[in-house]
Amino acid sequence: ADESADWIVAGLRQLERLALSVDEFTLENKETAPVLVCISWKPDLDQSQRWVPKNERLTRVAFTTELGGAPYDLVLNTRLFLYRKAVRALIEASDWPSKIISTEGEKDSWESNFRQVAALPRFRERTWEYITDGSQIDEIEIRFLRGSDKSQDGFVSRYLNRPISRVVTRLLLRFPTTPNGWTLSIFLIPIVASLILLHGTYWSSLWGLMLFQVFSVLDGCDGEIARAKFLESERGRQLDDCFDILSNILLVVGLGFGLSRQANLAGHSGWFYVVEGLTAAVLIGVNEFCLATQRPRGDEREAKSLEDALYPRHRQLLERSGLLYFGEKFASWLIQLTKRDVAMLFFLFLAATGHPVWILHLLFAVTAISLGLALNAQRRAG
């Protein structure tokens, strides 16, 4: 470690990122004992510039600064920016043998080991980059976040939403933002959007759906922050899923009451839209409950080409519902066209063209069909 240990790249100090990467590797490698990490500081740095990472996620590594007599298998230095799950690839690319760290000639030993890492290729796509000076940090962050998308992203998310959310995430990473904190803070957007939809006018429908589209874009930031800062958690995934479901419920309820008000102002009865919106809200809740309570089964036909495009609960639904009988290509197109990012942009188009009623009809129909497939899947599993 030298002065670059304190450089903040994508929300973490360099020494902390290296430690978290080793910790992540120990979990992947199923190590039963903590991996010993020796921090060797540049000799001319004084004690006030030296520190040990204290991140609460560091549960599988132990730190020391005592060099004498210890064997080591891998050398890292704090100018090496590691992408997620890069340590295994780094070990495979590093051909130096295990050695004994010597305390004799500390400066020469430190420089020799530091140069050893610097001799690696300066860049391996989505694996590591070598930072020779701080002016490279901005470009490295951009490239790193460009690779932080998810395989489950639809094409609207991939080509529209993610490029925008990554810009926002870069700004958020300069602050102590947490994924769950961001998820909670942006949920105000669909609440406000649903209240705007209640007015039932053309402009309220347009602005309401525009806010739901903004929420869809910003909703990607929590995952990007989590992957950048090693903050993924099951609780975070559940919170994100819960708020996505609630936003869909707010959308159909807001539309139902808004369209009803519009019909009443035009001299027609609008009770049908209220009933449709509330029924769609119930169907959304029941559908998600069915998906969440699916029991795993080991004899299902697997759709390998679709595996990465689906969340586990949707993969089980696809395998059990019978959709694969129409072929994986048909199922793939159906999945892509009904993904949330694609649907939300299409709903904004319908609102802009003055057809918000079709948003409610489509949400009701798709949710009802999805629930039918989920119930059929549960029947087959039972």
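Author: Trp-110 has a relative accessible area of 9%, so it is buried. The cut-offs are under 20% relative accessible area for buried, over 50% for exposed, and partly exposed in between, with a 1.4 Å probe and protein chains only. This is a predicted model, in which local features need pLDDT of at least 70 and side-chain atom pairs count only at pLDDT 80 or more, while totals for chains, interfaces and linings use all residues. Residues are numbered from 1 along each chain as its sequence is written, and side-chain values use heavy atoms, with hydrogens and water left out.

Helices here are DSSP runs of H or I with at least four residues, strands are runs of E with at least two, and both are numbered from the N terminus. Phe-114 has a relative accessibility of 13%, so it too counts as buried.

Now to the rings themselves. Rings of Phe, Tyr and Trp (its six-membered ring) pair if their centres lie within 6.5 Å; planes under 30 degrees apart are called stacked, over 60 edge-to-face, and the rest tilted. By this rule there are nine aromatic pairs. One of them joins Trp-110 to Phe-114: the pair is stacked, at 4.6 Å centre to centre and with 20° between the planes.

An edge-to-face pair is formed by Phe-272 and Tyr-273, at 5.9 Å centre to centre and 70° between the planes. Phe-272 has a relative accessible area of 44% and is therefore partly exposed; Tyr-273, at 22%, also counts as partly exposed. Elsewhere, ring pairs connect Phe-81, Tyr-83 and Phe-144 into a cluster.

Cys-290 sits in helix H11 (residues 271-292) and, at 7% relative accessibility, counts as buried. Cys-221 is buried at 0% relative accessibility, whereas Cys-242, at 36%, counts as partly exposed. The structure has zero disulfides, a disulfide being a pair of cysteine sulfur atoms within 2.5 Å.

Setting aside neighbours within four places in sequence, Arg-166 is in contact (heavy atoms within 4.5 Å) with Leu-145, Arg-146, Ser-148 and Glu-224.

Two helices complete the tour. H6 (residues 179-186) and H7 (residues 188-197) pack at an angle of about 10°, with their axes 4 Å apart. The axes are lines fitted to C-alpha atoms over the stretch in contact, and angles run from 0 to 180 degrees between N-to-C directions. H6 and H7 are therefore roughly parallel, a label for angles under 35 degrees, with over 145 roughly antiparallel, 65 to 115 roughly perpendicular and the rest oblique. H6 contributes Leu-184, Ser-185 and Ile-186 to the contact, and H7 contributes Leu-188, Ile-189 and Pro-190.

As for the whole chain, it has 15 helices and nine strands, and buried residues make up 47% of its 382 residues. Among contacts between residues at least 6 apart in sequence, 76% join residues at least 24 apart.
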